[in-house]
Amino acid sequence: MHNEALREKKGFIFDLDGCIYVGNRPVQGAREAIGMLREGGKKILFLTNNSTKTPKEYMEKLAGMGIEVCEHEVMTSSVATAMYLKRLGGGDCFALGEQGLVKALQGEGFRVLGTEEARRATYVVCGLDMHLTYEKLAAACHAIQNGARFIATNTDPRLPLEEGYIPGAGSIVEALATATGVRPTVIGKPSKRIMSIALRLLGLKSSEVAMVGDTLKIDMAAARRAGITGVLVLSGSTKVEDLEKSRIRPEVIIPSVAELQEIFAKK
Ligand SMILES: [Mg+2]
């Protein structure tokens, strides 16, 4: 894809970890690149599969790196899940997740049930729960058997940390899926569901948007499924040699988001 086609996009969706920052370290040039897009009148949305934190927490993390964003410019898989369920209809939720999930569901007017009430749930919503117990897994399992719809915020198998990875939402989702024999409705990337919600928030069509991210199977697959131009950055989990092994071919490949400054400056 030519740089000109990228410059004509009206909106940019950015993954966070591996793209804007790596852990707690900002990617060099990210702040300037975002600033430049804003000056050019581009709409921006930060989109993360991480279900544990609230948009406000991400807003504060980004502000600490000199990147000013509004709360509505950050969408987590938890927020997208709550929005998706709101459209499906009301009901009570039993959630396996952190505050980021509980607050998102409550924010859309859902009642989040305790373990003892779980069998009354309309939805079992599973994200990354760092306080998971066997009791919670058993309650979720009962609720699904009783007819609750099984929803996954995302299915990332792992959560990368500096010292190595730990089980992600997908590992917990698989425990429930294995026990119940029920496959969940997945909201987060690479599902089209979260991308449709993102486009709706931006008020743009898929052809008007580019998705910038560091993973092939999650970010670039999400872009491709949604008909959005994929921009792969090599500042996160994907290395050049991974590209040769993958069938997913992003339209644009750049070392990091800093490169966007170059692309937008060359007129
Ligand atoms: Mg990432």
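The dialogue below explains how to read several features of this predicted model.

Visitor: How many helices and strands does the protein chain have?

Guide: Helices (H or I, at least four residues) and strands (E, at least two) are DSSP runs, numbered from the N terminus. The protein chain has 11 helices and 15 strands.

Visitor: What does the radius of gyration say about the protein chain?

Guide: The radius is taken over C-alpha atoms, and the globule rule is 2.2 Å times the number of residues to the power 0.38. For 267 residues a compact globule would have a radius of gyration near 18 Å, and the 19 Å of the protein chain agrees with this. The C-alpha trace spans about 60 × 35 × 35 Å along its principal axes.

Visitor: Which domains are assigned, and what separates their centres?

Guide: Domain bounds come from an automatic or database domain assignment. Here the assignment gives domain 1 (3-49 + 189-265) and domain 2 (89-186). Their centres, taken over C-alpha atoms, are separated by 28 Å. The contact (C-beta atoms, placed from the backbone, within 7 Å) takes 6 residues from domain 1 and 5 residues from domain 2.

Visitor: Where do the buried residues of helix α3 lie?

Guide: An α-helix has 3.6 residues a turn, so residues three or four places apart point the same way. A residue is buried if 20 or more other C-beta atoms lie within 10 Å of its own, exposed if 12 or fewer, and partly exposed in between, with C-beta atoms placed from the backbone. In α3 (residues 55-63), the buried residues are Pro55, Tyr58 and Leu62. Seen down the axis of α3, they fall within an arc of 60° (that of the directions from the helix axis to the C-beta atoms), so they line one face of the helix. Lys56 and Ala63, on the other side of α3, are exposed. The buried residues of α3 pack against β4 (43-48), β5 (74-76) and α4 (77-88).

Visitor: Is Val212 buried or exposed?

Guide: Val212, in strand β13 (residues 209-213), is buried, because 26 other C-beta atoms lie within 10 Å. Leaving aside residues up to four places away in sequence, Val212 touches residues including Phe12, Phe14, Cys19, Val231 and Val257. Ile254 is 42 residues from Val212 in sequence, and their C-alpha atoms are 9.8 Å apart in space.

Visitor: In what order do the strands of the open sheet stand?

Guide: Two strands pair if DSSP finds at least two bridges between them. The open sheet of 5 strands has the order β7-β6-β8-β9-β12, with parallel pairing. Its edge strands, β7 (111-112) and β12 (185-186), each pair on one side only. Within this sheet, 4 bridges join β6 (residues 92-96) to β8 (residues 123-126), and Ala95 has Val125 in β8 as its bridge partner.

Visitor: Which strands run antiparallel and are joined by a hairpin?

Guide: Strands β10 (residues 158-161) and β11 (residues 164-167) run antiparallel and are joined by 4 bridges. Pro160 has Tyr165 in β11 as its bridge partner. The hairpin connects β10 to β11 through 2 residues.

Technical notes:
Residues numbered from 1 in each chain as written. Predicted model: local features only at pLDDT ≥ 70, side-chain atom pairs only at ≥ 80, totals over all residues. Contact = placed C-beta atoms within 7 Å.
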